[in-house]
Amino acid sequence: MLQLFQHLGHQTLSSFRKLGRGSYFLVNTLRGFPNILIRPRLLVNQMYSVGVLSFLIITISGLFVGMVLSLQGYYTLSDFGAEASLGVMVATALVRELGPVVTALLFAGRAGSALTAEVGLMKATEQLSGMEMMAVDPIQRIIAPRYLAGIISMPILAILFSSIGVLGGHLVGVGMLNVDDGAYWAQMQSKLDFRDDIINGMIKSLVFGCVVTWIALFEGYDAIPTSEGVSRATTRTVVNSAFAILGLDFILTAMMFGD
Amino acid sequence: MQHTHTQDTLVGLFVAAGIVGLFFLAMHVSNLGSFVDNDDGYVVTARFQNSGGLKIKSPVSMAGVKIGQISDISLDKNHRSIVKMKIKSEYNNLPSDTSASIFTAGLLGEQYVNLEPGGMDDFLKDKSEIDITQSAIILEQALGQFLFKKSADDAHK
């Protein structure tokens with residue numbers, strides 16, 4: 001019985017300790033941002049590996065998600081003779097929810113896991129300690145550019161996902177299922193608001209970008225410096241990011257779209 | 001150094017693609033595009049007994065063609081609804097005795113203002129008012145009147 005409480009207390013304390021380390025890590029990272037201005041090269045390199053290399057999976061997923069939405073939406077809407085609303089349905093679903101959320105989940109799997117593995121291996125092979133020995137702050141040099149690259153890349157990727165998805169929906173709806181081309185666009189334009197829908201979707205993806213990249217980098221930085229520790233940290237990145245994304249999405253949606 | 005140049009280009013393309021995507025979403029998917037080309041146009045007002053479910057940005061159409069949108073709805077001193085409509089400037093030949101009525105698109109669709117052209121030779125201008133109007137049909141009111149009439153008829157028998 002006593003052991004149970006001891007275990008519970010240990011778990012609670014260690015999770016709080018981790019949260020504390022994480023917050024401290026985040027503050028230090030943010031403090032490293034001005035340093036990026038001196039070396040924009042580092043940011044461009046990271047934008048390449050975080051953003052450009054995720055481009056393909058995001059656009060292809062966006063295309064297929066849009067196409068499937070259009071197909072499924074058509075079957076249901078045509079029961080009510082409301083095929084003309086297909087465009088609104090596809091665009092609203094993509095811009096408000098699926099764009100930011102699916103992009104963030106894919107980003108966590110594609111870029112987040114890579115960041116954790118990279119930083120974790122740097123720690124395991126003592127490259128980070130080596131930097132400290134040379135009086136180079138690894139948080140400023142390694143972590144901060146990666147964090148900023150993640151924050152910038154995520155909204156861009158979400159915008160691309162939504163845009164390609166809307167085009168994919170058009171491809172299936174208008175091309176295959178003979179929904180009227182004008183109705184697809186016109187209803188979409190009259191129902192979607194730039195401020196309420198598109199900006200809110202972008203805010204969501206910005207928040208996801210901050211959280212996912214933070215989790216990924218911290219798990220790598222905090223990993224036990226062995227090959228097993230790095231592999232566990234990578235798994236934790238993907239799992240914890242997914243939880244954070246879906247939980248935050250609910251909170252953000254409740255705050256943004258409740259009127 | 002060749003390698004970093006390729007990276008620069010690809011990152012630049014990536015950011016540019018993001019900007020193009022945002023532009024596409026703003027102009028083609030959301031309503032921002034219609035704000036831009038609707039800046040030119042003239043405003044006419046109409047007073048309705050009841051403007052029903054009419055909203056700002058609801059369409060104004062004539063003979064089924066969308067010629068403008070609602071820009072403002074407010075209440076006047078006599079508790080009537082003042083509806084301001086912005087008509088595109090290319091449609092500047094609406095007769096001054098044009099009448100306005102509020103219709104519903106389909107059974108469950110949104111409400112819109114339909115303009116029926118009159119026969120006068122002079123045209124509606126900026127800030128002119130449409131005199132002949134027909135209010136929105138409120139389903140509950142129509143049903144109520146029908147039931148009231150029916151029960152009155154039954155009482156006479």
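This is a predicted model: local features need pLDDT of at least 70, side-chain atom pairs count only at pLDDT 80 or more; totals for chains, interfaces and linings use all residues.
Helix α4(A) comprises 25 residues, 55-79, and spans 37 Å from its first C-alpha to its last, close to the 36 Å expected at 1.5 Å a residue. Its buried residues include A:Ile58, A:Gly62, A:Val65, A:Gly66, A:Leu69 and A:Gly73. An α-helix has 3.6 residues a turn, so residues three or four places apart point the same way. The buried residues of α4(A) pack against α5 (86-124) and α7 (138-176) of chain A. Just after α4(A), a positive phi of about 65° is found at A:Gly81.

Helix α5(A) also packs with helix α10(A) (residues 227-256), at an angle of about 150° and with the axes 9 Å apart. Angles over 145 degrees count as roughly antiparallel, and the two helices are therefore roughly antiparallel to each other. Their crossing is right-handed. Among the residues making the contact are A:Ala104, A:Ala108, A:Gly112 and A:Thr116 of α5(A), together with A:Val230, A:Thr234, A:Val238 and A:Ser241 of α10(A). By class, the residues of this contact are 12 nonpolar, nine polar and one charged.

Between the chains, 24 residues of chain A are in contact with 20 residues of chain B. On the side of chain A that touches chain B, at least two residues each are supplied by α3 (40-50), α5, α7, α8 (181-191) and α9 (194-221). Helix α7(A) provides the largest share, six residues. This side of chain A has 16 nonpolar, six polar and two charged residues.

Terms used
Residues are numbered from 1 along each chain as its sequence is written. Chains are lettered from A and ligands numbered from 1 in the order in which they are written. Helices (H or I, at least four residues) and strands (E, at least two) are DSSP runs, numbered from the N terminus. The expected span of a helix is 1.5 Å times one less than its number of residues. A residue is buried if 20 or more other C-beta atoms lie within 10 Å of its own, exposed if 12 or fewer, and partly exposed in between; C-beta atoms are placed from the backbone. Two residues are in contact if their C-beta atoms, placed from the backbone, lie within 7 Å. Axes are lines fitted to C-alpha atoms, for helices over the stretch in contact, and angles run from 0 to 180 degrees between N-to-C directions. Angles under 35 degrees count as roughly parallel, over 145 as roughly antiparallel, 65 to 115 as roughly perpendicular and the rest as oblique. A crossing is left-handed if the near helix is turned anticlockwise from the far one by less than a right angle, and right-handed if clockwise. Ala, Val, Leu, Ile, Met, Phe, Trp, Tyr, Cys and Pro count as nonpolar, Asp, Glu, Lys and Arg as charged, and the others, Gly among them, as polar.
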